[in-house]
Amino acid sequence: MPARSVRLLLVAGLLSAAAACGGRGREARAASAPRSVVPAAGVGAAPFGADLGRRVAAEARVGALARRRFTQAALWDALGPALRAGGGALRVTEVGRSGQGRALRAVTAGEGRTVVLLWSQMHGDESTATMALADLLAWFAGAPAGGPDGDALRARLSAALTVVAVPMLNPDGAERFRRENAAGLDVNRDARRQATPEGRALARLADSLRPAFAFNLHDHDTRLVGGRRGRPVAVSLLAPAAGADGAWGPARSAARLVAAGLAAGLASELPGRVARYDDAYTPDAFGEWMQARGVATVLVEAGALPGDGERQRLRALHVAALLGALDAIATGAWRGADAGVYDRLPAGRLP
Ligand SMILES: [Zn+2]
């Protein structure tokens, strides 16, 4: 049996063993003027088109999470029906404990060969993607959404991918809706020291899974603007550097293509509001740490949309965008993305 198969079996065992229990502070800098990007259905974007993503986001939405501030207990209560349903489609495992003893949980969907790791809310007050992950997990568990096309997409992703999501990596911070963990430490500056239990849990999980792709999901400063018109940035993307030299090795190059597909999909919904995040090398951050270990890692930062103070529209856009990225990974379409779409993204800046 190939070593990778053995490893996947071990991972599957690890993830199924436990019963159901278990921004970076940098500011983006100014950059060049925005350019038009390819349509949502372009190469490397969601092969299924934007409509399906929108429908899944609307129909699989976990309604119990309706506002951006919620506790870990509320999150897992809201996910309860999905975790109990779906004939075991989701596997939950405890991957560690927070400083205050809250369970850090990973939820796994799919049985495919390609492992994708997503984590959110390592900064406790950045919950947009946690809501999106909850919706995605409910959909993976079988929530009817998107009709037959949605079912086909779910089957395709579940066969090709093993999706491991850690929603709310920093529950102690979320409890007080603040960035740092209970000890006042920034978990996303802890990749090398691993002084935080949350950072250690993430590093250990990544080392055990050895994912091919990872998504590091955050919210950034809502004041950031981008492009010539200086509109508020709704979503920022980054393929973080793997080293101080900023080289485009295989992992970072793959991350750039996935990010380009994400950007293309988002741009049709958010014209002029998609930006590239500050690419200053930050070796203590987990994006850089993962990239250096050969995991193609994309940083996704939710920003602001007018009239969307509770981030519900951004949440839905994240669901659709992440579905598109997952499908591009499942089908291999990410390889055909245009890196120029990423390169031409305007950098966000403070006004
Ligand atoms: Zn953050």
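This note goes through the fold one element at a time.

1. **Ground rules.** This is a predicted model: local features need pLDDT of at least 70, side-chain atom pairs count only at pLDDT 80 or more, and totals for chains, interfaces and linings use all residues. Residues are numbered from 1 along each chain as its sequence is written.

2. **Overview.** The protein chain has eleven helices and ten strands. Helices (H or I, at least four residues) and strands (E, at least two) are DSSP runs, numbered from the N terminus. The chain has 351 residues, and 57% of them count as buried. A residue is buried if 20 or more other C-beta atoms lie within 10 Å of its own, exposed if 12 or fewer, and partly exposed in between; C-beta atoms are placed from the backbone.

3. **The sheet.** Eight strands make an open sheet with mixed pairing. Their order is β1-β2-β4-β3-β5-β10-β8-β9. The edge strands are β1 (90-97) and β9 (274-276), and each pairs on one side only. Two strands pair if DSSP finds at least two bridges between them. The twist averages 20° from one strand to the next.

4. **The β1 end.** Strands β1 and β2 are antiparallel and share seven bridges. Gly96 has Leu104 of β2 as its bridge partner. The hairpin of these strands has five residues between them, and there Gly101 takes a positive phi near 90°. How much of β2 (residues 103-109) is buried? Six of its seven residues are, so the strand is largely enclosed by the rest of the structure. On to β4: three bridges join β2 to β4, and the two run antiparallel. Ala109 is bridged to Val163 in β4.

5. Strand β3 (residues 114-120) runs parallel to strand β5 (residues 213-219), with five bridges between them. Trp119 has Asn216 of β5 as its bridge partner. Strands β8 and β9 are also paired, in the parallel sense, over three bridges. Leu237 stands opposite Arg276 in β9.

6. **Two covered faces.** In a regular strand the side chains alternate between the two faces of the sheet. In β8, Val235 and Leu237 lie on one side, and Ser236 and Leu238 on the other. All four are buried, and both faces of β8 are covered.

7. **Helices on the sheet.** Helix α8 lies across β5, β8 (235-238), β9 and β10 (296-302), at about 35° to β10. Helix α10 lies across β3, β4 (161-166), β5 and β10, at about 150° to β4. Axes are lines fitted to C-alpha atoms, for helices over the stretch in contact, and angles run from 0 to 180 degrees between N-to-C directions.

8. **α8 against α10.** Two packed helices are described by the angle between their axes and the distance between the axes. For α8 (residues 250-269) and α10 (residues 312-331), the angle is about 140° and the axes are 9 Å apart. That makes α8 oblique to α10. Angles under 35 degrees count as roughly parallel, over 145 as roughly antiparallel, 65 to 115 as roughly perpendicular and the rest as oblique. The crossing is right-handed. A crossing is left-handed if the near helix is turned anticlockwise from the far one by less than a right angle, and right-handed if clockwise. The contact includes Val258 and Gly261 of α8, and Leu317 and Ala321 of α10. Two residues are in contact if their C-beta atoms, placed from the backbone, lie within 7 Å. By class, there are eight nonpolar, three polar and one charged residues. Ala, Val, Leu, Ile, Met, Phe, Trp, Tyr, Cys and Pro count as nonpolar, Asp, Glu, Lys and Arg as charged, and the others, Gly among them, as polar.

9. **α5 against α10.** The axes of α5 (residues 147-160) and α10 come within 9 Å and cross at roughly 55°. The two are therefore oblique to each other. Which hand does the crossing of α5 and α10 have? It is left-handed. Leu153, Arg156, Leu157 and Ala160 in α5 meet Leu326, Asp327 and Ala330 in α10. This contact has five nonpolar, no polar and two charged residues.

10. **α4 against α10.** The axes of α4 (residues 128-140) and α10 come within 8 Å and cross at roughly 55°. This crossing is right-handed. Among the residues that meet are Met131 and Asp135 in α4, and Arg315 and His318 in α10. The contact divides into seven nonpolar, two polar and two charged residues.
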